[in-house]
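Here's a quick briefing for anyone meeting this structure for the first time. Have a look at it below, then read on for a short tour.

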Amino acid sequence: MQDPNEDTEWNDILRKKGILPPKEVSKDDEEEELALQQQSVVQTYEDMTLEELEENEDEFGEDDEAAIELYKQKRLAEWKATQLKNIFGEMCEISGQDYIKEVNKAGEGIWVVLHLYIPGIPLCTLINQHLSNLARKFPQTKFLKSISTTCIPNYPDRNLPTIFVYLEGEMKAQFIGPLVFGGMNLKVDELEWRLSESGAVKTELEENPKKQIEDKLMSSIRCSLPTGKDGDSEDEDY
């Protein structure tokens with residue numbers, strides 16, 4: 001007599017037509033199928049970011065919640081480790097030999113602010129001071145400085161100070177020459193705003209601080225101007 005649970009093409013046809021009952025699933029087969037399902041679910045977790053896990057949390061069953069929570073904790077720990085690894089907190093001096101490593105190969109998602117300067121230029125000294133303060137304020141951004149000619153041979157002094165902003169080796173912004181910075185009146189929050197516009201730092205400033213100064217200046221000019229009434233009265237006297 002033919003075994004109805006035997007894996008044959010004829011038995012498969014009979015099962016499809018309902019002549020034979022469905023094949024009995026052995027315990028080993030059930031465990032194997034369950035393991036494959038769990039592997040598939042884990043793969044789904046691994047394909048998702050932390051944000052996607054939060055958004056799709058309702059789509060997973062109760063049995064998956066513990067596994068999801070463990071995986072979320074693992075991803076969060078990995079993210080925190082990456083963030084700690086990328087903390088800089090101070091401005092470093094580099095030479096031309098360090099350029100590729102420190103700028104072009106800074107790492108994924110790392111913003112780099114590079115100041116080209118030479119000693120003895122007051123505005124360069126001021127910007128170095130401001131950037132040192134910003135390096136402490138924004139430790140996720142890499143702040144670097146380099147004597148201009150060590151990075152770029154024959155770089156003209158008239159272009160100093162120069163700031164280049166990079167992300168993953170690609171230049172995102174450049175500030176070249178003293179006029180761009182507004183001279184020695186440059187404030188650290190003004191420089192912070194400039195860098196935030198390029199994306200290098202995430203400022204909490206709500207607007208350009210230089211705009212506030214310009215608005216106050218324009219307001220004082222308007223207040224000092226003569227009103228139109230005096231001029232009109234003089235015209236009427238003639």
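Let's start with strands S4 and S5 (residues 170-176), which pair in the antiparallel sense over six bridges. Strands here are DSSP E runs of at least two residues and helices are H or I runs of at least four, numbered from the N terminus, while two strands pair if DSSP finds at least two bridges between them. Keep in mind that this is a predicted model, where local features need pLDDT of at least 70 and side-chain atom pairs count only at pLDDT 80 or more, while totals for chains, interfaces and linings use all residues. Residues are numbered from 1 along each chain as its sequence is written, and side-chain values use heavy atoms, leaving out hydrogens and water.

**The sheet**

- Five strands make up an open sheet with mixed pairing, in the order S1-S3-S2-S4-S5.
- S1 (92-93) and S5 sit at the edges with a single partner strand each, so one side of each has no neighbour in the sheet.
- Thr162 of S4 stands opposite Leu116, and its bridge partner in S5 is Ile176.
- Leu167 stands opposite Glu170 in S5.
- The hairpin of S4 and S5 has two residues between the strands, and Glu168 takes a positive phi there, near 55°.

**How covered is S4?**

- Six of the six residues in S4 (residues 162-167) are buried, where buried means under 20% relative accessible area, exposed means over 50% and partly exposed is in between (1.4 Å probe, protein chains only).
- Which residues cover the two faces? Thr162, Phe164 and Tyr166 are on one side, with Ile163, Val165 and Leu167 on the other, and all are buried.

**Aromatic pairs**

- A search of the whole structure turns up three aromatic pairs; rings of Phe, Tyr and Trp (its six-membered ring) pair if their centres lie within 6.5 Å, and planes under 30 degrees apart count as stacked, over 60 as edge-to-face and the rest as tilted.
- The ring centres of Tyr99 and Tyr166 are 6.2 Å apart with their planes at 85°, so this pair is edge-to-face.
- Tyr99 belongs to helix H5 (residues 99-104) and Tyr166 to S4, so the pair ties together parts 67 residues apart in sequence.
- Tyr99 is partly exposed at 22% relative accessibility, whereas Tyr166 is buried at 5%.
- Phe175 and Phe181 form a tilted pair, 6.4 Å centre to centre with 50° between the planes.
- Phe175 counts as buried at 10% relative accessibility, and Phe181 is buried too, at 3%.
- Ring pairs also link Tyr99, Phe164 and Tyr166 into a cluster.

**Helices H6 and H9**

- H6 packs on the sheet, touching S2, S3 (142-147) and S4; contact means heavy atoms within 4.5 Å.
- The axes of H6 (residues 122-137) and H9 come within 10 Å and cross at roughly 65°; axes are lines fitted to C-alpha atoms, for helices over the stretch in contact, with angles from 0 to 180 degrees between N-to-C directions.
- In H9 (residues 188-198), the buried residues include Leu191, Trp193 and Leu195.
- Gly199 follows H9 and has a positive phi, near 100°.
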